[in-house]
Every structure is written in structure tokens, then in C-alpha cells.
Amino acid sequence: MLAVVAAGFALYAGSPPRALWWLAPIAFAVFAAVLRGRKARAGFGYGLLFGFAFLLPLLGWLQDFLGADFGPWPWLGVAGVQALFVALGGAGMARVSRLPGAPVWMAAVFVTAEALRSAVPFGGFPWGKLAFTQDTGLFLPLAALGGTAVVSFAVAVVGGGLAELARRARTPRHWAAPLAAVLVPVMAGLAMLPFIGTDPNAGTARVAIVQGNAPNLGLGLLYEDDVLHANHIAAAQQLAADQAKGPLDFVVLPEQVGSWGPSQTDPDLSGVAAQFGVPLVVGGLGKDPDGSLRNQVVRWDPATGAGDRYVKQHLVPFAETIPMRPVARLVSPFVDRFRSDMVPDDKPGVLDVGGVRLGVGICYDVAYDDVFTGAAQEGATLLAVPTNNAWYGHSEMSYQQLAMARLRAVEHGRAVLVAATSGVSAVVQPDGAVTQQTELFTAQNLIAEVPLRSTQTLATRLGSVPMWTLVVLGVGAVALSWWRPRRTADA
């Protein structure tokens, strides 16, 4: 019991902002070793402990955000629900641990559990995937092969292989299979390094990111839309006044900078765009003619104002969309802030801005595999993540989100611009390297020449195929684990 709790906490300790990627396979090795040969019921229990020990500290920013007003219950509730999915994975892993090649099947089952919790309930919650611990290190290049599913699978296979090697320590002649489970993913990651392209094969763009800052008020920020707007207009005006650094192709502002009705007018933004003489990419809340509320990013032209937009695809449960409103009021302040749910869209976010095909995902979108895959498949040569993380104070949340952006950069071979209201804003290269980064709760603008890339990685072309392949393997292995004992008994 203590071993799996320690392993879960070690997995958290290896998560961003700490660059301790190698802790993840070690933590998983301890988890796999404890599950080896157990019954499904025991696997469920150990998985629950492992998941809770990992997710409770990882999601500590929820307590920073809601704790003063709602106590620990939202934090404990989210961590507990997500730990249940890890527990289901633990039950399945225990079942398949008796099969030949156990590290492979255990890893596939764990990825299946990750896929399940990324989809349900209420649209899922992908935060805390194994892959998101790997924004640095040997397994990051594997994102270009098959996205988060392949990276998570590699970490889990190596962990399972390490556990099996430890179990067979006294029988070296049986080391071949577990040693292969350890070495193949590591060698694959090393072999992929030369193929992670960073060359600007579609040209370059000179861009700016505006971080206007926000007051560190936690929930108090809920009704401070005017402050966010004013801060970012002022920061953008300051940047526009400084033309000594040369012309720009476009400027990116964060999520929730404006609020617009159906006419989508904003004299301040139009004035700033006219100062720059180039388009803005700006996030805000929009109301459609039918009254639908949208979290959107708009291309703001210096001559014509609001133009094409991207509408957020994955809305945050109990914030942007409110299931069970009477109950949700007990744990969410957004019930009274938004009297009706926001409406998502399912279209990839690709905006033509300043001659660039810009793929856009808003904040929470970056945790989901489909958003930037769709944008890259539709021809995006550069990616952007406008976000508002000012709710979460000086927590690790912004750094966890930056790690996801780094993985998406490698997954699709694109530079990524992270534009945050209060940090962390960053310029991420196509190999995941961060070349510029702001501090939390600081007004700071970034200017960068970034590569544009049109070639598609294998991960982009395959889309969800690697994930579904591993899900089929995981489900098939669990089914086989039920069939084999019966077959043996019949024989």
C-alpha cells in the first residue's frame, strides 16, 4: 500500500514544472510490480491509491482556486473521480499481468483507461496523462509518431519492463523480453530525434504575444472583465508605440480579453489594430444573434474589425458548461456568472492571419488530442493557445499547460504561441524547446521570429488511429485474460 502511494506521489514529483521526466517510468514500474499477479479487485484498490496520490497534488491548483469559498470538496471530488479511472486501469492491469508479454498489455490497458477518462464524464478530463510528464526527455520525440497515446504507452511499457526485470533479477536467462520492453521505447525515442523537424519549410513569421496581466484575485476575477480588457489594451498600445523593433505579421492576445455582442464591435481593439497596421488574434466571450454564448478567438483586422473566428471545442465542465445546475451551485461560482451554458463548436480552428495559416485552441483545448490534430490536418503552419490562467494564482497549473503545448509542438511539428493573461506566455519551437517565456503575474510582451511548417508528422496524418489501436489491444488483452483460465479449466 505504501509503495503505490509513494509511486503515485513520485509520478507527480516528475511532472512539470520539474524536468524529472525519468521519474515517470520508475513510478510506473513500482505500480506495475505491485499489481503483478493480483486479482482485479486488488488491482482496483491499488489503482485508486496510486491515482489519488498522483492526482491530488497535481490538481492542487483547484484548491488554490476554489478552496477559500468552497472548501476542499471540488478538489477532492475531481481528483477522486479521475482516480476511479486509474483504479479501473489497475484492475485491468492486474488481470493481464499473467499474460505473456505482460508489460505491453499492462501499458495498453493503462492507455485505455486514459482514453476513457479523456472522454467521460461531461466530455472527459485528460489532465494528468502520462504523456504530459514528458515535455522533456527521451520519450518526447515519440509524440511525432503517435501523439499522447504513444508517449504514454512508451512510458508505461518501460515501467512494466523495469518491474519485470526486477522480478527476474535472479534468472538472467529470462531477461530478454523485459529488457526489450525497456530498450525498444528508449531506442525509438533516440532514433526519432534526427527526424524532429524545425526548419521553416513554409517561411517565417514575426509575431508578438501580449500579456497584459491580471490582478491575483482568484474567484474575485470572475466579474473583472473590464480590468482584463483595459490591461491588455494598454499593453498592446505600449507595444504598438514601440515600432523600433521592426514590423510584425500579427499580434496574439489571450483568452477573455473582450466581450462582444452579435455585432462584434470593440473600438479599443480596432484602434490598437490600426496602430499596428496588422491583424490581431484575440480571445473573448461572444454572443450570437440567437443568444448563444461562445468562448471564441477572433481575427481582428485593422481595417474591417472582427472577422473569422474559432469557437472553443472542449468546454470546461462546471464552468463554461454547467451539468446539474442546482447541485453544481454548491461547488462552482460559474453557475451564477453564466446563466446559460456556452455552446461549443466542432470545427478545427484555422484562421488566415497576416498570410499565415494559424491553428488555434483555447486554454483547456490543449489537453485534447483532436483540436490541434484537426488544425494541422487543415493546413495550419503555426499553432496558438490563447489562455486565461489568472484564476489559479502562483500554482503549477500554467506550467502544466505549457508542458502540453510543448508536447503538441512535437506532435505536429509546429511552433506554438502560448498567450496568457497573467502567465505563463511562451514561444515554443517545433522540437518542444521554449525560447521565450514570461513570469506569472507580470505585464510582459514577447516578440519572436517563428518558423512556419507545412510538412505533416505521422501523428498528424494518423490522428486518433494510434490511440484506438492501443485501446483495442488493451480491451483485447483483458478479454483474453478472462478466456485463458476458462480454456485451461476446460482442457
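This is a predicted model: local features need pLDDT of at least 70, side-chain atom pairs count only at pLDDT 80 or more; totals for chains, interfaces and linings use all residues.
Helix packing is a handy place to start. Two packed helices are described by the angle between their axes and the distance between the axes. Take α5 and α6 to begin with: helix α5 spans residues 73-96, and helix α6 spans residues 102-117. Their axes come within 9 Å and cross at roughly 155°. That angle is over 145°, so α5 counts as roughly antiparallel to α6. The crossing of this pair is right-handed. On the α5 side, the contact is made by Gln82, Phe85, Val86, Leu88, Gly89, Gly92, Met93 and Val96. Facing them from α6 are Ala102, Trp105, Met106, Val109, Phe110, Ala113, Leu116 and Arg117.

Helix α6 also packs on helix α7 (residues 143-167), with axes that come within 8 Å and cross at roughly 140°. These two helices are therefore oblique to each other. Here again α6 takes part in a right-handed crossing, this time as it passes α7. The α6 residues involved are Pro103, Val104, Ala107, Ala108, Val111 and Glu114. They meet a set in α7 made up of Ala149, Ser152, Phe153, Ala156, Val157, Gly160, Gly161 and Glu164. The loop between α6 and α7 holds phenylalanine 122. Phi of phenylalanine 122 is near 55°, a positive value in a residue other than glycine.

Residues His229, Ile233, Ala236, Gln237, Leu239 and Ala240 in α9 do the touching, and in α10 they meet Asp268, Leu269, Val272, Gln275 and Phe276.

On to charges. Side chains of opposite charge can pair when their charged atoms come close. The structure holds 16 salt bridges. One of them joins the side chains of aspartate 199 and arginine 453, at 2.6 Å from N to O.

The backbone has a couple of cis peptide bonds worth a look. One runs from proline 16 to proline 17, with omega near 15°. Proline 17 lies in the loop between α1 (2-13) and α2 (23-35). Another goes from glycine 423 to valine 424, where omega is near 5°. Valine 424 is part of the loop between β10 (416-420) and β11 (426-428).

Last comes the surface. Trp175, Leu179, Leu183, Met187, Leu190 and Leu193 together make a nonpolar surface patch of about 530 Å². Within this group, methionine 187 is found in helix α8, which covers residues 176-192.

Note on methods. Residues are numbered from 1 along each chain as its sequence is written. Side-chain values use heavy atoms; hydrogens and water are left out. Patches are made of residues with over 30% relative accessible area and no salt bridge: like charges are joined within 9 Å, nonpolar side chains (Val, Leu, Ile, Met, Phe, Trp, Tyr) within 5 Å. Accessible areas come from the Shrake-Rupley method with a 1.4 Å probe; for residues, only the protein chains shown count as cover. A salt bridge is a side-chain nitrogen of Lys or Arg within 4 Å of a carboxyl oxygen of Asp or Glu. Helices (H or I, at least four residues) and strands (E, at least two) are DSSP runs, numbered from the N terminus. Contact means heavy atoms within 4.5 Å. Axes are lines fitted to C-alpha atoms, for helices over the stretch in contact, and angles run from 0 to 180 degrees between N-to-C directions. Angles under 35 degrees count as roughly parallel, over 145 as roughly antiparallel, 65 to 115 as roughly perpendicular and the rest as oblique. A crossing is left-handed if the near helix is turned anticlockwise from the far one by less than a right angle, and right-handed if clockwise.
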